[in-house]
Amino acid sequence: MSASTLLFEVGDYVVYPKHGVGRVIELQKSEIAGMQLELYVLRFEKEKMTLRVPTNKAEGVGMRKLSSDKTLKEALQVLTTKPKVKRTMWARRAQEYEAKINSGDLVSIAEVTRDLFRADDQPEQSYSERQIFEAASSRLARELGAMEETDEKSAQLKILQILNEHAPKYYAENAVV
């Protein structure tokens, strides 16, 4: 395989939009339907899943390297801003949230995490809100963890700390007197 045409190397962490952070564990040549293909073999530890992506399709499916430090700072900054709660039907908002998560864009994922966060003293979330919040915060934590060379749990704690620190000032604004 010609290294000059490859975007990723074995050992690189990558983001696959629909699955989050994985690692390139192998470059493989395979014959599929009579065609010779070069494949990235990705391993997603959390899901215990292996994915093979043709090298010529990687960019087209949105596979990318981990975000830049600037993008990470922007995403963490989003967590400190006021949540945007739309008054549309939950089904429509849920679709929008899922689309943002599956986009693989770190800032969009941070927006979903911020918008669906509930502090302990806030009203309960529905089951589906909680599921989407956990999916978004987990996706954000995995990329943060990979970038800061720490584990997902530590990254998740950092995210929750930021949210808990900034959420009370926005909830106080909306309190009914």
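Modeller: H1 and H4 cross in the left-handed sense, meaning that the near helix is turned anticlockwise from the far one by less than a right angle, whereas clockwise would be right-handed. This is a predicted model, where local features need pLDDT of at least 70 and side-chain atom pairs count only at pLDDT 80 or more, while totals for chains, interfaces and linings use all residues. Residues are numbered from 1 along each chain as its sequence is written, and side-chain values use heavy atoms, with hydrogens and water left out.

Colleague: Why are H1 and H4 called oblique to each other?

Modeller: Helix H1 (residues 69–78) and helix H4 (residues 127–148) pack at about 140 degrees, with axes 12 Å apart. The axes are lines fitted to C-alpha atoms, for helices over the stretch in contact, and the angle between N-to-C directions runs from 0 to 180 degrees. Under 35 degrees is roughly parallel, over 145 roughly antiparallel, 65 to 115 roughly perpendicular, and the rest oblique. The pair is therefore oblique.

Colleague: Which residues make the contact of H1 with H4, and how do they divide by class?

Modeller: Contact means heavy atoms within 4.5 Å. Asp69, Leu72, Ala75 and Leu76 supply the H1 side, and Leu140, Leu144, Met147 and Glu148 the H4 side. Six of these residues are nonpolar, none polar and two charged. Nonpolar covers Ala, Val, Leu, Ile, Met, Phe, Trp, Tyr, Cys and Pro; charged covers Asp, Glu, Lys and Arg; the others, Gly among them, are polar.

Colleague: What makes H2 roughly parallel to H4?

Modeller: The axes of helix H2 (residues 90–103) and H4 cross at roughly 15 degrees and come within 10 Å. That angle puts H2 and H4 in the roughly parallel class. Their crossing is left-handed. On the H2 side are Trp90, Ala94, Tyr97, Glu98, Ile101 and Asn102, which meet Ser128, Glu129, Ile132, Ala135, Ala136 and Arg139 of H4. Here the classes come to seven nonpolar, two polar and three charged residues.

Colleague: How many helices and strands does the protein have, and how do you know where each one begins and ends?

Modeller: There are five helices and five strands, in the order β-β-β-β-β-α-α-α-α-α from the N terminus.

Colleague: What makes S4 and S5 the edge strands?

Modeller: The five strands form an open sheet in the order S4-S3-S2-S1-S5, with antiparallel pairing. S4 and strand S5 (64–65) each pair on one side only.

Colleague: How do you know that S1 and S5 pair?

Modeller: Two strands pair if DSSP finds at least two bridges between them. Strand S1 (residues 13–16) and S5 have two, in the antiparallel sense, and Val15 has Arg64 of S5 as its bridge partner. Strand S2 (residues 20–32) is joined to strand S3 (residues 35–44) by nine bridges, with Glu26 opposite Val41 in S3. Six bridges join S3 to strand S4 (residues 49–54), with Phe44 partnered by Met49 in S4. H4 lies across S1, S2 and S5, at about 85 degrees to S2.

Colleague: Why is Ala33 called exposed?

Modeller: Its relative accessible area is 78%, so Ala33 counts as exposed. Exposed means over 50%, buried under 20% and partly exposed in between, using a 1.4 Å probe and protein chains only. Ala33 lies in the loop between S2 and S3 and has a positive phi of about 50 degrees, although it is not a glycine. Most residues other than glycine have a negative phi.

Colleague: Is Glu149 buried or exposed, and where does it lie?

Modeller: At 76% relative accessible area, Glu149 is exposed. Glu149 is in the loop between H4 and H5, and its phi is positive as well, near 55 degrees.

Colleague: What makes Ser154 partly exposed?

Modeller: Ser154, in helix H5 (residues 152–173), has 36% relative accessibility and therefore counts as partly exposed. Its C-alpha atom is separated by 9.5 Å from that of Leu144, 10 residues away along the chain. Over the 177 residues of the protein, 41% count as buried.

How values were computed: Helices (H or I, at least four residues) and strands (E, at least two) are DSSP runs, numbered from the N terminus.
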